[in-house]
Amino acid sequence: MVSYTIEPMRESDWPQVQAIYQEGIAAGQATFETEAPSWPRWDANHLPAGRLVARSGELLLGWAALSPVSTRRVYAGIAEVSLYVGSPYQGQGVG
């Protein structure tokens, strides 16, 4: 087991978040996306609250974030969760 802390995601974490996201895309089991988006696109599609990373020093092991399911008022407060763990850390309790 690797030791880590859960912390709020920072914009400066994006390169590592994007790399982990791209691993999930390449595995073909995580999303229908075909490539990881740019930071501005990802940022616009995810809620500011609920963005977390699993951090070991400066290394990110995984991340989680919330995105709204709809812009319709009736769905206010309803979110979808994304959770990605870097391939070297899968099966070690990070998720």
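Student: Is Arg 51 buried or exposed?

Tutor: This is a predicted model, and every value here is computed from it. A residue is called buried when its relative accessible area is under 20%. Arg 51 has 10% relative accessibility, so Arg 51 counts as buried.

Student: Which residue forms a salt bridge with Arg 51?

Tutor: The partner is Asp 43, and the closest N and O atoms of the pair are 2.7 Å apart. Asp 43 has a relative accessible area of 30% and is partly exposed.

Student: How many salt bridges are there by this rule?

Tutor: The count comes to five. One of them joins Arg 55 to Glu 7, with the closest N and O atoms 2.7 Å apart. This pair links distant parts of the chain, since Arg 55 is in strand S2 and Glu 7 is in strand S1, 48 residues apart.

Student: Are the two ends of that pair buried or exposed?

Tutor: Take each end by itself. Arg 55 is buried, at 5% relative accessibility. Glu 7 is partly exposed, at 25%.

Student: Which residues are linked with Glu 7 and Arg 55 in a network of salt bridges?

Tutor: Arg 10 and Asp 13 belong to that network along with Glu 7 and Arg 55. The side chains of Asp 13 and Arg 10 meet in a salt bridge of 3.8 Å, N to O. Asp 13 counts as buried at 3% relative accessibility, while Arg 10 counts as partly exposed at 38%.

Student: Now the sheet. What is the order of its strands?

Tutor: To read a sheet, list the strands by who sits beside whom, then note the direction of each pairing. Here the sheet is open and has four strands in the order S1-S2-S3-S4, with antiparallel pairing. Strand S1 (5–8) and strand S4 (79–85) are at the edges; each has a single partner strand, so one side of each has no neighbour in the sheet. From one strand to the next, the twist averages 20°.

Student: How many bridges join S1 to S2?

Tutor: Four bridges join these antiparallel strands. As an example of a bridge partner, Ile 6 has Ala 54 in S2.

Student: And how many bridges join S2 to S3?

Tutor: Five bridges join strand S2 (residues 52–56) to strand S3 (residues 59–68), and the two run antiparallel. Arg 55, which forms the salt bridge with Glu 7, has Leu 60 as its bridge partner in S3.

Student: What do S2 and S3 form, and what should I look for in the turn?

Tutor: They form a hairpin with two residues between the strands. In the turn, look at Gly 57, which has a positive phi of about 65°.

Student: Which strands does helix H1 touch?

Tutor: To place a helix against a sheet, ask which strands it touches and at what angle it runs. Helix H1 (residues 14–27) packs on the sheet and touches S2, S3 and S4. The direction of H1 makes about 80° with that of S3.

Student: Which residues make the nonpolar surface patch?

Tutor: Val 69, Val 74, Tyr 75 and Ile 78 make a patch of about 360 Å². Val 74 is in the loop between S3 and S4 and is exposed, with a relative accessible area of 61%.

Conventions:
Residues are numbered from 1 along each chain as its sequence is written. This is a predicted model: local features need pLDDT of at least 70, side-chain atom pairs count only at pLDDT 80 or more; totals for chains, interfaces and linings use all residues. Side-chain values use heavy atoms; hydrogens and water are left out. Two strands pair if DSSP finds at least two bridges between them. Axes are lines fitted to C-alpha atoms, for helices over the stretch in contact, and angles run from 0 to 180 degrees between N-to-C directions. Contact means heavy atoms within 4.5 Å. Patches are made of residues with over 30% relative accessible area and no salt bridge: like charges are joined within 9 Å, nonpolar side chains (Val, Leu, Ile, Met, Phe, Trp, Tyr) within 5 Å. Accessible areas come from the Shrake-Rupley method with a 1.4 Å probe; for residues, only the protein chains shown count as cover. A salt bridge is a side-chain nitrogen of Lys or Arg within 4 Å of a carboxyl oxygen of Asp or Glu. Buried means under 20% relative accessible area, exposed over 50%, partly exposed in between (1.4 Å probe, protein chains only).
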